[in-house]
Amino acid sequence: MGKLTFKGGIHPYDGKALSKDKPIQDITPGDILYYPLSQHIGAPAEMIVAKGDRVLEGQMIAKATGFMSCPIYSSVSGIVKGTEKRLTVTGTLADCIVIENDYMYEMAAPITDKPYEEMTRQEVIDTIALAGIVGMGGAGFPTHVKLSPKEPDKIEYVIVNCAECEPYLTSDYRKMLEEPDKLIKGLQIELALFPGATGVLAVEDNKPDCIKILKEMTADIPNIMVRALQTKYPQGSERHLIYAVTKRKLNSKLLPSDVGCIVNNVDTVIAINNAVMEGRPLYERIITFTGDAVKKPANYRVRTGTLYSVIVENGGGFKCEPEKIVSGGPMMGFALFNLDIPVTKSSSALLCMKKDEVSNAKQTNCINCGRCYEACPSGLLPAKLEEAAVNGDSETFLALGGLECVECGSCSYVCPAKKQLCQSIKSMRKVELGKLKKK
């Protein structure tokens, strides 16, 4: 079978060679950890510990406040110092639980000790919810909600997003190499929730070693297949991944379950395994520390609540003062001006670059070349959308399908005029989506 893909997209320098051969290492989290109460889409969690309490590693410190919410767990043992507002990667302030690390790492009891084989379908979903698992590819959507579609019998595909198409990121790649057994078991747990579905491990073809390992390990599992994707950005976009694998089209008004699909990324599926098979809640994740300003690019297992500054210290610091620091990848990450920001469940990378090419680029007038249209994976007209956004023209923006933008940044990347098309469109989408929520 040929490589699966979609129309549009780009091929930026991937930068993965800096860290892809670096095995996952544990790092010491630091003296003080900060846990934002909102690390997911939906209602923030509610603090259930008090100042002065001693907590254990893996102990719940904030409970979910509804179906669309997730609990938060301490990643260390130590003393609760209270709450504090801290900056997040998006530049907003969030209420955080502050815990002083006692470096004893005394463990709380598992969230469940019931064998998986004895669990009902609902008990599996409840365990995933109790573990606080969210989409760890960046979206932060509560996983138990995703696994609870209105019509579960209509789910035909459970797709694992193994693409990792964002440049520089290699954490999922390392997970596939180092923990393929947990990845496959996590997928089998998901498939048991949807007996009529086929599991698909969708991997970009720039990871042939992962494809080989996963194919060998699933050769005798009839309801799981491994599919090679053409290496292209944004191949890992949920909408475009579904199209590449199934040829089913998804728009902004539909959920993946509406077209018979469930999609989770590598880290999320492994977290499902850890919760159901081992009773471990989610309080750590893999962070790729990389970029041309970094002395020792690496993949670190980082406890949530750890400050980004601690990652830099553990990684030996910088070769030189970086002009640009990004939480996440260069295409969809968030630029940082402060490293005293805590790692959350949806953190994925800390990218540190010698030069800020975006800020240093000189914008000129659009030359109507059409490159942004050719690159747009959603088939939109980014230049026209940007013009409508700049002029505050909601009617034209909506008529041109502005809400269908996936904010991948492909248009900005290819624009010879260096216009920040995606940023303008993203801002306008936020305004228009806000209007829809008020209706």
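K419 has 17% relative accessibility, so I put it down as buried.

Ground rules next. This is a predicted model, where local features need pLDDT of at least 70, side-chain atom pairs count only at pLDDT 80 or more, and totals for chains, interfaces and linings use all residues. Residues are numbered from 1 along each chain as its sequence is written, and side-chain values use heavy atoms, with hydrogens and water left out.

Where does K419 sit? I found K419 in the loop between α13 (410–414) and α14 (421–438); helices (H or I, at least four residues) and strands (E, at least two) are DSSP runs, numbered from the N terminus.

I then checked contacts, meaning heavy atoms within 4.5 Å. Beyond neighbours within four places in sequence, K419 touches Q363, T364, C366, E386 and S412.

On to salt bridges: a side-chain nitrogen of Lys or Arg within 4 Å of a carboxyl oxygen of Asp or Glu. E386 and K419 pair up this way, at 3.8 Å from N to O. That links distant parts of the chain, as E386 is in helix α11 (residues 382–390), 33 residues apart from K419. E386 is buried too, at 10% relative accessible area.

How many salt bridges does a search of the whole structure find? I got 29. One of them joins D102 to R54, with the closest N and O atoms 2.8 Å apart. D102 lies in the loop between β8 (93–101) and α1 (121–130) and R54 in strand β4 (residues 54–55), so the pair ties together parts 48 residues apart in sequence. I noted D102 as partly exposed at 26%, and R54 as partly exposed at 36%.

Terms used: Buried < 20%, exposed > 50% of the residue type's maximum accessible area, 1.4 Å probe, protein only.
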